[in-house]
There are 2 protein chains.
Amino acid sequence: MTTLAIMALAEMHMSAQQALWGGSDTNSPEINEDRSVTFRLEAPDAREVKISGDWMPPEGWVPGSVALSKGEDGIWSHTSGVLEPELYGYSLTIDGVRTLDPNNPFASRDISTLTNLFIIGGGQADLYKVNDVPHGSVTRRWYDSPGNGMERRITIYTPPGYETSVESYPVLYLLHGAGGDEEAWISLGRAAQIMDNLIAGGKAEPMIVVMPNGNVIQDAAPGEGSMGYYKPQFMVPRTMDGTYEETFTDVMKFVEAGYRVKTDKSHRAIAGLSMGGFHALHISRYYPETFDYIGLFSAAILPNQNVTSKVYNDFDGTLRRQMENGYQLYWIGIGKTDFLYKNVVEYREKLDGMGMPYTYRESEGGHIWKNWRVYLSEFVPQLFH
Amino acid sequence: MTTLAIMALAEMHMSAQQALWGGSDTNSPEINEDRSVTFRLEAPDAREVKISGDWMPPEGWVPGSVALSKGEDGIWSHTSGVLEPELYGYSLTIDGVRTLDPNNPFASRDISTLTNLFIIGGGQADLYKVNDVPHGSVTRRWYDSPGNGMERRITIYTPPGYETSVESYPVLYLLHGAGGDEEAWISLGRAAQIMDNLIAGGKAEPMIVVMPNGNVIQDAAPGEGSMGYYKPQFMVPRTMDGTYEETFTDVMKFVEAGYRVKTDKSHRAIAGLSMGGFHALHISRYYPETFDYIGLFSAAILPNQNVTSKVYNDFDGTLRRQMENGYQLYWIGIGKTDFLYKNVVEYREKLDGMGMPYTYRESEGGHIWKNWRVYLSEFVPQLFH
């Protein structure tokens, strides 16, 4: 085939494609050499275009936003200040409607909304990039959960070389927050990239990372299961009533029967963010001889509430057994402006009162994915030595 | 924890979340009982809102679109006619800007644009849904391609029960089109759902489906590889110059070394759409004793062009060897309004002239995913008997 023929084919199809979906050639976002970022939108008929990004300081509960300026060519633009290396999310608001940047095809779903993404590499953010290192595999599977009465979807990271080795590996169970699912740590948490890069750098042991779905009434993430496409809710009923803790053995049985894993306490870790921190806390005390490594990332802890849920049955007794059985690491991380900060202070007081040891990490910022990616990349290097 | 405490937590976080990302409670799209669909957008300040969907008849190269009507509450809406069961895509245009429906978090990337999705179930479209049947696994892995000089990402579907069985399985190599990658058949093609449902219905043999990346200069899909996030192009250089055909043995070696597969011709199939049809055509004649089943879906065939690419070397001779070696099925599908229709007519004339047998399937419609999902679900039941 001549180059001309290829070009003719390409042009014919591209016109169709572009006409069909209105693609344009505007460059947005453009990451500049000084690490500022320029956003552009061709919208000659719009009256107001704003951008809201997670690098902007929030105004109370309301995120910061800034107006784009309209050029004479009908292209609106805004250039940010210099940004630190990080994975960033943003959205545009066009004449009052919150929407995406049509020139950026990369977006992640967080609960019920899509948000555009870009990465400014360097430092910590290099852990979030796909670098030229050996890559693990990421599998979406279904396992039988008799406790939940259904087949359930689960995401499994196996480290580079797993398929061709005969070794057995340690396991990290990594749990999502409210509104999340078995996709959250992969998409928003960059867990596969963080693991690949830490392992390649000799900073983490090769391990299997198991990312189950913590919403016990779901078989799978929204759009991936029998409920089809629907609008996800932040709180899914029954996710914090003890059912997940009771049925977590189904996940472990599946993993330990189906993968070459080490099945002793010293090779099992469990960690989670927000609601997943609640789950990690309670699962680790429900099965107090099971995990040597526990990570609570911005955990949703409400120890001083009036307890009626079965999940709190014998809270102190099981915690004490967990402490007496011993563990290598009980890691608690929270941001200074997290709305759960006070709850974590109270939980630490409870642990201090019991003499239960833990490692405490306080970061800047609030209840955000930026912190959870940092916590994961700090937690994982401490496992399985 | 009391229900009250959970609600307080939920409400606190939801307010933050909604404020942060501007989520709203508008219901869109709403699939009505009569299979019409209502789209809604809260946009009191917008002057014009239009919807463009792939169920609308195109106007030349320009897709059909229709204006939404503004209600007194500032909510724009439109109700479609009754739609046939199908997976549909659509976008909104707000004051001239092509964007997504902010109330629908489900979207797929096709080349460089995101498009919202919904499914109307029933009939053929039930194959595209996640039904209560055993599910296979979908793995994203990386394999070594010495021919391309890099590690490359690949998507592998293994059928239900693969992990716990000792059987060997047949393999279908399933190739994407220009602008696609190793994600295309999974996301836009619903390949995992189609396979699960056909296998569960006894209509297809359990098989492994291998979905490689046909753009030889990429290590992975845009956003999933070392190039990071960038705007994907429709035509990637060197994808149709013979390199992919020459290096396809790297894919097959990886699969046949790493999976329990049957490695004879009668248990190998190859199929692809558009550029992937071009690849399937040429790979199957490059290795004329390798595949018993060949599927060309809206294949990009340009046999009468002035040939300078090495991919056409000994075209007739290798085709003849392929014919003489024999095969079970050489399946050609094309839509009546496909811009490649005439090329397929010419290729069929060539095959007729050689006496090379094939099965021909002509459908309505053009160069669209709707057809490729149908072709896949018609092709797969004919394999490996």
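**Architecture and local features of the predicted model**

Chain A contains 8 helices and 18 strands, where helices (H or I, at least four residues) and strands (E, at least two) are DSSP runs numbered from the N terminus. The structure described here is a predicted model, in which local features need pLDDT of at least 70 and side-chain atom pairs count only at pLDDT 80 or more, while totals for chains, interfaces and linings use all residues. Residues are numbered from 1 along each chain as its sequence is written, and chains are lettered from A and ligands numbered from 1 in the order in which they are written.

Along the principal axes, its C-alpha atoms fill a box of roughly 70 × 55 × 40 Å. Of the 385 residues of chain A, 51% count as buried. Here a residue is buried if 20 or more other C-beta atoms lie within 10 Å of its own, exposed if 12 or fewer, and partly exposed in between, with C-beta atoms placed from the backbone. Among contacts in chain A between residues at least 6 apart in sequence, 72% join residues at least 24 apart. Two residues are in contact if their C-beta atoms, placed from the backbone, lie within 7 Å.

Chain A is divided into domain 1 (25–120) and domain 2 (128–382), with bounds that come from an automatic or database domain assignment. The C-alpha centres of domain 1 and domain 2 of chain A lie 32 Å apart. To the contact between them, domain 1 of chain A gives 8 residues and domain 2 of chain A gives 11 residues. On the side of domain 1 of chain A that touches domain 2 of chain A, the elements giving two or more residues are β7 (86–94) and β9 (107–110) of chain A. This side of domain 1 of chain A has 3 nonpolar, 2 polar and 3 charged residues; Ala, Val, Leu, Ile, Met, Phe, Trp, Tyr, Cys and Pro count as nonpolar, Asp, Glu, Lys and Arg as charged, and the others, Gly among them, as polar.

The sheets come next. Strands β2 (residues 37–42) and β6 (residues 75–79) of chain A run antiparallel and are joined by 5 bridges; A:Thr38 stands opposite A:Thr79 in β6(A). In chain B, 4 strands form an open sheet with the order β1-β2-β6-β5 and antiparallel pairing, and its edge strands, β1 and β5 (69–70) of chain B, each pair on one side only. There, β1(B) and β2 (residues 37–42) of chain B pair in the antiparallel sense over 2 bridges, with B:Val37 in β2(B) as the bridge partner of B:Ile31.

Helix α8 (residues 369–379) of chain B is mostly covered, as 10 of its 11 residues are buried. Among them are B:Trp369, B:Trp372, B:Tyr375 and B:Phe379. The buried residues of α8(B) pack against β7, α3 (191–200), β15 (268–273), β16, β17 (329–335) and β18 (359–363) of chain B.

Some backbone details also deserve a look. Most residues other than glycine have a negative phi, and most peptide bonds are trans. The peptide bond from A:Ser28 to A:Pro29 is cis, with omega near -5 degrees, and A:Pro29 is found in the loop between α1 (3–21) and β1 (30–31) of chain A. In chain B, a cis peptide bond with omega of about -5 degrees joins B:Ser28 and B:Pro29. B:Asp95, in the loop between β7 (86–94) and β8 (97–99) of chain B, has a positive phi of about 45 degrees although it is not a glycine. B:Asp95 counts as buried because it has 23 C-beta neighbours inside 10 Å. B:Asp314 has a positive phi near 55 degrees, but this residue is exposed, with 12 other C-beta atoms within 10 Å.

Technical notes: Pairing = 2+ DSSP bridges.
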